[in-house]
Amino acid sequence: MMKRKKERSLPVRLFSLLVKLAIAAVILVVGINVYITKSTEKDIAASVDSGETTITSQEVQSFRATDPECIMVLGAAVRPDGTPCKMLRDRLDLGIALYKQGVAPKLLFSGDNGQVVYNEVNAMKKYAVNEGVPEEDIFLDHAGFSTYESVYRAKAIFDVDSMVVVTQRYHLYRALYGCRRMGITAKGAAAKDTNKGQELREAREIMARDKDFVKWIFKPQPTFMGETIPISGNGISTQ
């Protein structure tokens, strides 16, 4: 009788252990996300919620207070015809508006150019040039394959100590956390959210924050490194 009780209780104990581990994992995932979002929220100095890209003079002064060397716009999808998707256009419009208001003297476009037939940063550059930004003020990071790599390379390759980061709000928390871990003084500017598919992006971002949290502990090198190209110089050499 006692033996049968022990045999029956083993599956119960295993199930209980699995439930406890699952609960601990959920707490850990949620805890990391709360920590990243809450610890960086105060560094988001401007947010565009309407169709117009308007930045107040107070927001401009808030950005200038950190004396940023550049405005980094993070890449997103490019259409088959080589033009930026709506999400990327919203980021570019905000980054260019900040540049034209004198927030920083340079634009750093970081995105995926891992294939000959796909080039996010070249599309970003063309868009900015068409909006009147001089080519010499545009730096291209062709190996910004992820948020982690974009931030890491901003410091390691472009020698950036202070910058403004432009992307959508849900993405900004992770980027700003990475800047802090990399020793970059950063303020965030949140571009307009794209409503279509936003719930899925928010869900995926939860795991992305956890993944980058671990990566910033160990700081593995990005896919590509290279020679230093100071952001204070001429951007044409990066194009």
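The text below takes these topics in turn.

This is a predicted model, in which local features need pLDDT of at least 70, side-chain atom pairs count only at pLDDT 80 or more, and totals for chains, interfaces and linings use all residues. Residues are numbered from 1 along each chain as its sequence is written, and side-chain values use heavy atoms, with hydrogens and water left out.

**Helix α3**

Helices are DSSP runs of H or I with at least four residues, strands are runs of E with at least two, and both are numbered from the N terminus. Helix α3 covers residues 86–100. Its 15 residues should span 21 Å at 1.5 Å a residue. The expected span is 1.5 Å times one less than the number of residues. The end C-alpha atoms of α3 are 21 Å apart, so the model agrees.

Is α3 mostly covered or mostly open? It is mostly covered: 11 of its 15 residues are buried. Buried means under 20% relative accessible area, exposed means over 50%, and partly exposed lies in between (1.4 Å probe, protein chains only). Among the buried residues of α3 are Met87, Leu88, Asp90, Arg91 and Leu92. Just after the helix, Gly102 takes a positive phi of about 75°.

**A nonpolar patch**

Phe15, Val19, Ile23 and Ile27 form a nonpolar patch on the surface. Together they have about 400 Å² of accessible area, computed by the Shrake-Rupley method with a 1.4 Å probe, with only the protein chains shown counting as cover. Patch residues have over 30% relative accessible area and no salt bridge; nonpolar side chains (Val, Leu, Ile, Met, Phe, Trp, Tyr) are joined within 5 Å, like charges within 9 Å. Ile27 sits in helix α1 (residues 2–40). Ile27 is exposed, with a relative accessible area of 56%.

**Salt bridges**

A salt bridge is a side-chain nitrogen of Lys or Arg within 4 Å of a carboxyl oxygen of Asp or Glu. By this rule the count is nine.

| Pair | N to O distance |
|---|---|
| Asp90 and Lys86 | 3.0 Å |
| Asp137 and Lys106 | 3.4 Å |
| Glu205 and Arg209 | 4.0 Å |

Asp137 and Lys106 link distant parts of the chain, 31 residues apart. Asp137 lies in the loop between α4 (120–130) and β4 (138–141), Lys106 in the loop between α3 and β3 (107–110). Both Asp137 and Lys106 are buried.

Asp90 and Lys86 are four residues apart in helix α3, so about one helical turn separates them. Asp90 is buried at 14% relative accessible area. Lys86 is partly exposed at 35%.

Glu205 and Arg209 are four residues apart in helix α7 (residues 198–218), so about one helical turn separates them too. Glu205 is buried, at 3% relative accessibility. Arg209 is buried as well, at 6%. Which residues are linked in a network of salt bridges? They are Arg174, Glu205, Arg209 and Asp212.

**Ser162**

Ser162 is in strand β5 (residues 162–168). At 7% relative accessibility, Ser162 counts as buried. Its side chain reaches the backbone oxygen of Thr66 at 2.9 Å. Contact means heavy atoms within 4.5 Å. Leaving aside neighbours within four places in sequence, the contacts of Ser162 include Thr66, Asp67, Pro68, Ile184 and Thr185.

Conventions. Polar contact = N/O pair within 3.5 Å; in protein donor to acceptor, adjacent residues only side chain to side chain.
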